[in-house]
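I opened my notebook to look around inside this protein.

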Amino acid sequence: MASVRLHGAVFACCGGTPPVMLGYRPKCFDFMRSMGLEWLYLDLCNIGVESLPGRMAELLTSISNRPSLRHEIHAKALGWKGVQQAFVDRMVGARADWPRR
């Protein structure tokens, strides 16, 4: 799956689908790095239009040569979900301890 938008790549990862991120901002690379997928990131500011199809073909071949990748991505997404849930739980718990007015 190719994505030019960050949330497209996020949703793909949540479903265990390897995204090829066509990045336009640092946040795109940051997300891909957080998922251990920086090798699937193409910086649109630093890649020539003429080399894009060949690079995409290389990445899609790399993805197809890693059958466990879908499971790895899904497991990583679930791990981040747990981190975020723990943060929310701490914040809700901290708020419950605030003085009432």
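My entries follow, starting with how the model should be read.

**Ground rules.** This is a predicted model, where local features need pLDDT of at least 70, side-chain atom pairs count only at pLDDT 80 or more, and totals for chains, interfaces and linings use all residues. Residues are numbered from 1 along each chain as its sequence is written, and side-chain values use heavy atoms, leaving out hydrogens and water.

**Helix α1.** I looked up its buried residues (under 20% relative accessible area, with exposed over 50% and partly exposed in between; 1.4 Å probe, protein chains only). I found Leu 6, Ala 9, Ala 12 and Cys 13. They sit on the same side of α1, because they cover an arc of only 130° around the axis, taken from the directions from the helix axis to the C-beta atoms. I then checked the face turned away from that buried side, and it carries the exposed His 7 and Phe 11. Helices here are DSSP runs of H or I with at least four residues, strands are E runs of at least two, and both are numbered from the N terminus.

**Leu 40.** I asked which residues it contacts (heavy atoms within 4.5 Å). Leaving aside neighbours within four places in sequence, Leu 40 touches Pro 18, Pro 19, Val 20, Met 21, Met 32, Leu 59 and Ile 63.

**Aromatic rings.** I counted one aromatic pair (ring centres of Phe, Tyr or the six-membered ring of Trp within 6.5 Å; planes under 30 degrees apart are stacked, over 60 edge-to-face, the rest tilted). Phe 29 lies in helix α2 and Tyr 41 in strand β3, 12 residues apart.
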